[in-house]
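Let's take a friendly tour of a protein model. Have a look at the sequence and structure first, then read on for the main points.

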Amino acid sequence: MDELLNDEAVVLYGDILRLTDVIGGRSERTMREASGLAGSEFEVLLRLARHPQNRTTSARLAEDLSFTSGGLTRLIARMEEAGLLARHPHPDDRRAALLEATPKGRERLGRALAAHIPQVTADLMEPLTPVERLILRELVNKLMAHSSRGAVQSPSTGTRGR
């Protein structure tokens, strides 16, 4: 068991989680103070702003964010109630609606970005050289591409791992 406690993959995974917690927590506080947005609300508004015509369906948004449809439905309802999002009839699919940020949502996103960019730049960009940033981006992309293929087989049991 001792060798498993200090396994290279387990240690690296823990390091990544701690880094994400530190940077994510600081970023979340900065954005909330500047805009009143929670991190998940920020992500929804950011993804909407990146879509053509700043609109998309909740199904596509769930895919973009890796949310469950139930979790996203509750978040969208809260954001709609807060006046951050609006639903519009889908022109081609009567069963679907298009989501769009309201002027209030766009204004809050702008305030959040204005606070978030300096914070994330200080945390992620400034400590690294331009070449290190490029390498990090390539490594993250490589890991994301690999993880999107699904879980790997556990060597000891032949079952799917986490």
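Val131, Ile135 and Leu139 together make a nonpolar surface patch of about 280 Å². This is a predicted model, in which local features need pLDDT of at least 70, side-chain atom pairs count only at pLDDT 80 or more, and totals for chains, interfaces and linings use all residues. Residues are numbered from 1 along each chain as its sequence is written, and side-chain values use heavy atoms, with hydrogens and water left out.

**The patch**
- Ile135 belongs to helix H7 (residues 130-147); helices are DSSP runs of H or I with at least four residues, strands are runs of E with at least two, and both are numbered from the N terminus.
- Ile135 is partly exposed, with a relative accessible area of 46% (buried means under 20%, exposed over 50%, partly exposed in between, using a 1.4 Å probe and protein chains only).

**Strand E3**
- In strand E3 (residues 97-101), 4 of the 5 residues are buried, so the strand is largely enclosed by the rest of the structure.
- E3 pairs with strand E1 (residues 55-57) in the antiparallel sense over 3 bridges (pairing requires at least two DSSP bridges between two strands), and Thr56 stands opposite Leu99 in E3.
- E3 also pairs with strand E2 (residues 85-89) in the antiparallel sense, over 5 bridges, and here Ala86 stands opposite Glu100.

**Helix H5**
- Leu72, Leu75, Ile76 and Met79 are the buried residues of H5.
- On the face of H5 turned away from its buried side, you will find the exposed residues Arg74 and Glu81.

Conventions. Patches are made of residues with over 30% relative accessible area and no salt bridge: like charges are joined within 9 Å, nonpolar side chains (Val, Leu, Ile, Met, Phe, Trp, Tyr) within 5 Å. Accessible areas come from the Shrake-Rupley method with a 1.4 Å probe; for residues, only the protein chains shown count as cover. A salt bridge is a side-chain nitrogen of Lys or Arg within 4 Å of a carboxyl oxygen of Asp or Glu.
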